[in-house]
Amino acid sequence: MPLPLIGLGCRSGTDSQSSGDDEAAESTSEFTMSAFTDAMQKLNPPATGGGRVSPLTSQLKSTWEEAKEHDKEICIDKSTEACTLVCDVIAPKAGQELFQACFTPDKGTSHMDLVPLMQAYSNAMTIMLRTQILSLYAYRYPVKTLQEIHEPYAKLSEWQIRCARANARECGPGSMVEKSPCDRVRLPAIKLDHFLEFANRPYFYQDVSFSTRKLRLSSGKKITMPNVNRKVTSEDQKNDLLYDIQKSSEAIVQWKAHIMRSVNQECAKQDIIAKLDQTSYLLVIDWAMKFLQLRYREKQSDWYGKRGLSWHISSVVSRSQSNTTEVISYAYLFDQCTQDCSLVTAVRDVAKEVGVEVHSYHYSEPQSGKDIYDRILCPMKSSIRAYCNEGHDVLTAVDMRDGLTQHPVKGTTAAVRIVDESKNTLCINKIEHFSSFHNFEYGDTGLRVWKCYGIGKGKYIPCDVIYIKHQGETSLQTIESQGFYDPPEKRVVKRRSKDSKETESTTPLFECSVLGCVEVFETFSQLELHLDVGKHTVSRLSQYDAVKRDWALKFSSIDTAGIECSSCSSDSSIPLTSPGDTSPLSPLRTGWTVSKPRGSVRFSENVKEYLTARFTLGERTGRKADPAQVAVDMRNAKNESNARLFTREQWLTKSQVQSFFSRLAAMRRKDQGVIGISLDEQEDVQCLQENSEREDLVEKVNKEIKVSHPVCNDTYDFCERYHSNTLQKFNVVLLQAICSHFEIPVKLRDKKQILVDKLSEVIKDCQCVSQ
């Protein structure tokens, strides 16, 4: 048992030694406090007459940061009493002023010792010498204070202060700045002059109309020059500009071609109206947009699942014996009908059955404005809605006719018809490039087609090539007591004399909306008839006005007729114009207005992978990708090394992205078995989709307020990269762009780790990390 005894003896010796040290410390503290009290008592009577300083009974054992507020207040009070007493002893008549001067030194003289150094800094000739001098006192004051003190001698920037502090920290204050050796290669004067001449061209620099800049020579002399703006762009900016220019130029050419086709196709209508007599008619026909069913009192549940009612408008333009143009519109109302495109080939057979000869058929240019049937639809719909507001439900074609009968529209009539689909016996061969033909003329043995009205002889197609089996009787049935009713009044266009035109032009009420037309009318109905079947009158310039216009145009553009290109003058065999050009030096060729079929473009594999990833990410997160935004993101999509994923030739438009997403969605629905199921199952699927959309709408607010899982941008899933610790693989520039997307404040000097930390702080708010 000896070992425990020895251990106890050692502990006992240690405890006795520590207790002895504590007793010595306490005795020293008591001696110090009594000495302080005695000294204050000796100084107190001559200073204030006694009773001013209380005895010191305790000392602060802890540090100032660890002390309590009560202990700090006691220490401050005792120190203030002692310092005030000492100041009264030193300056009996100005003790309080001396006490204030000790704690608030004069700001004007606190940095007087730095004046020689600041003067030396101002007179230094090199940047390295300035940094060496500034490192002596760079840490003495904060940055803002040091800049204020230094301003009378030389202005300091934060970068200069950081460099001086770095030199003081790494090499020591006042140490010489080490300069790394830099070897230079001697440049021949000829090459240098050639480079300067190339770099100083106006293609790269352009002077601005404000501010100047100074260049400092090696001798210290400064040269003032105008400020310039550098116009050299990066390769990415160059590709963006070239792509925008290419697409914009294509759009402008297509727009101009569309205007030319619209005007040219309108000539077909005007030529037919000019040739009308009592034995010929012009029919303007088209399917109207389906009419949605209406109820006088409609519940919200009745709004869904409505069935549209088809109606076909035929406007007949004829010439009466009084040489006036009359317009009557016939509305064919159907409860159910198929709107197909076999009219061009079937119209001839149908006309023979009713004893009418069809001379020609013309398509109007798409998106070329409103025509007769478009303008008559608006009052017809208003009549049906007024009938519904009187307490009736409009659910069938018969209800539509009743509404038009109760509230008739001038120059219109309607009938309810039934189409027997079993009578469709027409069978034809496919006509190659049929969509490019807009004008058709029927002959005895064939069909002649044109791409543009009145251009060329057209293409002749024999009937034997087109028809396999002709169309028989159509059996278009009319419901009993639902046939055409007599229109209340015909719409008549009367020719006006020159005197009436002059009278109307002096007091115009309704002007024609067609650009360049100078016709004016007294009533709105006359304006509508003019827009339907009238001829637009364009003002003619007088000879003097034409001379003025040509004179102004000559000096507002560059005349290239007499300019000879230096590259072309050497080779006279290169023609300045090509066959088919409409004017000298014109880039337009014959047939440039003809609508061209759009060819299919095969996407590359990386484009397919990118679009599939964006589509899949939208399905998984519930935030479906917008095709327009995806098309914009493709131009800026970059990999982890901050290099562009796609070239300018691989960029897609909104319609291309939308088509790809539609095909991909249809393919996935087919794989999931959604296509080909019964109607009841389709309704169930639709209800599930509607419920999911409602849930997405409810959660939309929460997603806007807080960070939603997953945190993603473009095709990158940052939650997955955060958990796999791969955020470091991103480039610094790409990290800055990502932080800017999430509105994270960053600085240009932030390093990669700082950017990763800031991005990680945002990802930590995601539920995948908090859980």
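Tutor: Buried means under 20% relative accessible area, exposed over 50%, and partly exposed in between (1.4 Å probe, protein chains only). The model is predicted, so local features need pLDDT of at least 70 and side-chain atom pairs pLDDT 80 or more, while totals for chains, interfaces and linings use all residues. Residues are numbered from 1 along each chain as its sequence is written, and side-chain values use heavy atoms, without hydrogens and water.

Student: How many helices and strands make up the secondary structure of the protein?

Tutor: Helices (H or I, at least four residues) and strands (E, at least two) are DSSP runs numbered from the N terminus. The protein has 771 residues, of which 27% count as buried. Its secondary structure comes to 25 helices and 18 strands.

Student: Among contacts between residues at least 6 apart in sequence, what percentage join residues at least 24 apart?

Tutor: Contact means heavy atoms within 4.5 Å. For pairs at least 6 apart in sequence, the share joining residues at least 24 apart is 60%.

Student: Is His 433 buried or exposed?

Tutor: His 433 sits in the loop between strand 8 (427-428) and strand 9 (439-442). Its phi is near 55 degrees, a positive value in a residue other than glycine. The relative accessible area of His 433 is 53%, so the residue is exposed.

Student: What is the relative accessibility of Asn 725?

Tutor: Asn 725 also has a positive phi without being glycine, near 60 degrees. The loop that holds Asn 725 runs between helix 22 (718-723) and helix 23 (732-741). Asn 725 counts as exposed, because its relative accessibility is 65%.

Student: Which residues does Met 400 contact, leaving aside neighbours within four places in sequence?

Tutor: Met 400 is one of the core members that touch the most others. Beyond its sequence neighbours, Met 400 is in contact with Phe 291, Leu 309, Trp 311, Leu 333, Ile 384 and Val 394.

Student: Which residues of helix 5 are buried?

Tutor: Helix 5 covers residues 127-134. At its start, a side-chain oxygen of Thr 126 reaches to within 3.3 Å of the backbone nitrogen of Leu 129. The cover over the buried residues of helix 5 includes helix 4 (115-123), helix 6 (143-150) and helix 7 (158-170). Those buried in helix 5 are Thr 131, Gln 132, Ile 133 and Leu 134.

Student: How far does the backbone oxygen of Asp 240 lie from a polar side-chain atom of Arg 635?

Tutor: Arg 635 is in helix 19 and counts as buried, because its relative accessibility is 18%. Not counting residues up to four places away in sequence, Arg 635 touches Asp 240, Tyr 243, Asp 244, Arg 644 and Trp 651. From the backbone oxygen of Asp 240 to a polar atom of the Arg 635 side chain, the distance is 3.4 Å.

Student: Which residues of helix 20 meet helix 19?

Tutor: Helix 19 brings Pro 627, Ala 628, Val 630 and Ala 631 to the contact. On the side of helix 20, the partners are Lys 654, Val 657, Gln 658 and Phe 661.

Terms used: Polar contact = N/O pair within 3.5 Å; in protein donor to acceptor, adjacent residues only side chain to side chain. Core = buried A, V, L, I, M, F, W, Y, C linked by side-chain atoms within 4.5 Å.
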